Amino acid sequence: MNIATPPQVSTNTLRDAIVRHLCYSFGREPDFAGLEDWRMALSYAIRDHIADSWFRAAGTARREGAKRVYYLSMEFLIGRLLEDGIVNLGLVDQAREALAALGQDYDTVLADEPDAALGNGGLGRLAACFLESLSTLGCPAYGYGIRYEHGLFRQSFQGGRQIEAPETWLLQRHAWEFERPEALFRIGFGGEIEETGGKVLWHPAEHVDAEAYDTPIVGWQGKWANTLRLWSAKASDPFDLPAFNRGDFAAAAQPEALARTISRVLYPDDTTEQGRELRLKQEFFLVAAALRDILARFDKEHSDIRKLPEKVAIQLNDTHPAVAGPELVRILHDERSLPFEEAMEIARGCLSYTNHTLLPEALESWGEDLFGGLLPRHLQIADLIDNAHYEANPSRTQSMRADHQVKMGQLSFVMAHKVNGVSALHTELMKETVFSELHRLHPERIVNQTNGVTPRRWLLACNPRLSGLITETIGDGWVADLERLRELEPAIEDAAWRERFDAAKRANKVDLSNWMAAEQGVSVNPDAMFDVQIKRMHEYKRQHLNILETIALWQEMKDAPNADWTPRVVLFAGKAAPGYAFAKDIIRLINDVAAVLNADPETGDKLQVLFLPNYNVTLAERLIPAADLSEQISTAGKEASGTGNMKFALNGAMTIGTLDGANVEIREHVGAENFFLFGMTASDVTERRKVESHAAKAIEADPRLARALQAVRGGTFSPDEVDRYTHVADNIAGADYFLVASDFTEYWRASREADAAFRDPATWIRKAALNTARSGWFSSDRTIRGYMQDIWAARSYLSD
Ligand code: RUG
């Protein structure tokens, strides 16, 4: 199938379209338009072209009766979409010039767009990268999620402490979605089960409506666009008129308020247990609406429901949509009258599951009372699935129905024809740990698909200086075929080219410094090493290891202030789950340390620390191109993959990291000599935990660590409350589950190696550039091709 490249658009055409939308879509004359009006008008002008690709793509998929991929995810961290659209349509110059002709600044208009934060972190951002790659590859696909009114909370600091405020992306006008009042499904909860004449009927007690909102996601060069369909909860019975007529206005509005709760807030965590019932309701709401939609589309094009797996691939992004297994079986068996075994086989043929964590607290499990109360028929079906599975496989140590729980990881595994991990190491560990028994029973089921990131957003758009240099050097073929970055290697041997690479990095650092001075009121030295750790706050990610090492460095600098230190700016950003007290304490500690270090006249020009508030996609796009050193320092075996690690390497930062997640593969690709490795391996970690008083032993062996910990414990950074961080020091010196103390000495060594390398710019730049040249494998296009081939049996409708 050959889909033509969309026609080119001239600056004048775009300018006229902007003015037309300004006047006739928003009722504003140019002379009276504000920034938001210009942003909306430009977005609509761009959206028109995206819509054209979208209609063509949907038409092709319908005509061909194509197999569709359905990506079910509770999170899509899409960030801003305007620049994405402009870049993918190849309209950057035209948009810049058209706005200039209208007296507007392109960058200012783009920066007005709210950052849609409908996700917590890596899992949600991965889903967003996947949607873009699916469109780039011309694979017919839908993302299904929830249209949260409030995405991830807005973070600020007060006295160094994290303060959470609701995020309000929908309060500003949002240009990208199309409301679909006709795509409305009634979703039930609770109630009774009736068994009559061999049939089972579920009579829910309560209902809400799921209404669709569609956002087109355009791929590279605008050849194809898929749909992100987000469900919003509405009251089935919106208004209680009798209550209103009685004068009870609060009761009258209650149905609407209750229903809306379901799509009101993103579950504020990616790893800890909270908000149980509402969360399960959200999960079922998404799944039930998506499955009805999928089946409605299938029924329009095909008549034999047994063909479902040939036409429908449903990817469960983590266990969050795992109830899709029982719900699909229920529909096929109870509503469409297929025999139970066959219903299960068909469902399994459609479903596959991605596991993103081995952390036991993040593997969802529901008490059967809660699950059965909300989804009584699904509880029965989970039992039937479990029995059917274990009839053939009598050993039950990893049953989904142990301890009066419904274990969603096991349920997902049993209901999926393929289960994938997100990095080579993580996939192997899955086989050895959480799913060891199930893997033994189904040795062909687990496959690996190492994560990737879209090069359009994470290099081409976010780093125009570097991407411009790359295109000048090897042409623009790399944008759709990232492994072609390897063609840069000969140029890297040329000193003049390396200088240009360095100049791009330096200019990005100057931009960031200026932005930080304007936004945070802190001036930093752009010639210092920019050492960056940006990610969710979690003990396993070990931001506390980083700050301890920074404290130790500061102490050494004070011992010998005139020694030849490598100046460093240590940058942090990341949100802690509101209920995760220890993670929030680490944020406060970092802010307290920053206050002391940044004010120290002896070291302030050599070592600065900054925690940037409200980490989001837009901030990542600003920080990553300016980073020299990428901190990927999780306890080995805990980070499933990471994707930030890939973005940094692609943008020419060197990694300091452990052999964890995709770090292992990054190191293999960029070369061991271009990566600062330290720390225990996953199996060392298991062994080390068995050593009695391992932390105390590590502290005793390393006076630097002992001194840094003593400063934390003794109130050096909290003079107004000396014991504020005693528990942090106790944690590290005590159980130290994440082995901060045991990895400290090696981390210090690797950090000093990084310092020494940075003092030799010629070598550093070469290594950094090789990181860019050799990171092409980490494109999400490669990952999606892997899913299409190994899991979905889906194809592209674009010719090469
Ligand atoms: O923590 C993992 C990351 O290692 C991974 O890169 C990302 C995407 O695969 O998913 C993250 N994750 C895991 N987010 N939420 C969970 C909990 O299930």
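Analyst: A nonpolar core is a set of buried Ala, Val, Leu, Ile, Met, Phe, Trp, Tyr and Cys residues joined through C-beta atoms within 7 Å. The model shown here is predicted. Its largest nonpolar core has 245 residues, and among these Tyr70 and Phe285 touch the most other members. Helix α2, residues 35-64, supplies the largest share of this core, with 11 residues. In soluble globular proteins, nonpolar side chains tend to be buried together.

Apart from neighbours within four places in sequence, Phe285 is in contact with Ile187, Val208, Ala210, Trp231, Ala233 and Ile262.

A residue of another kind is also covered. Lys647 counts as buried because 30 C-beta neighbours lie inside 10 Å, where 20 or more are required. This lysine sits in helix α25, residues 644-650. Setting aside neighbours within four places in sequence, Lys647 is in contact with Val453, Trp458 and Ile624. An unreviewed UniProt entry annotates Lys647 as "modified residue: N6-(pyridoxal phosphate)lysine".

β8 pairs with strand β9, residues 199-203, in the antiparallel sense over five bridges. In one of these pairings, Thr196 has Lys199 of β9 as its bridge partner. The hairpin of β8 and β9 has two residues between the strands, and Gly197 there takes a positive phi near 50°.

As for the overall layout, the chain is divided into domain 1 (1-64 + 88-114), domain 2 (65-80 + 115-153 + 164-451 + 783-792) and domain 3 (525-774). The centres of domain 1 and domain 3, taken over C-alpha atoms, are separated by 42 Å.

Definitions and conventions: Residues are numbered from 1 along each chain as its sequence is written. This is a predicted model: local features need pLDDT of at least 70, side-chain atom pairs count only at pLDDT 80 or more; totals for chains, interfaces and linings use all residues. A residue is buried if 20 or more other C-beta atoms lie within 10 Å of its own, exposed if 12 or fewer, and partly exposed in between; C-beta atoms are placed from the backbone. Helices (H or I, at least four residues) and strands (E, at least two) are DSSP runs, numbered from the N terminus. Two residues are in contact if their C-beta atoms, placed from the backbone, lie within 7 Å. UniProt positions are given in the numbering used here, feature names are shortened, and annotations may be inferred rather than shown by experiment. Domain bounds come from an automatic or database domain assignment. Two strands pair if DSSP finds at least two bridges between them.
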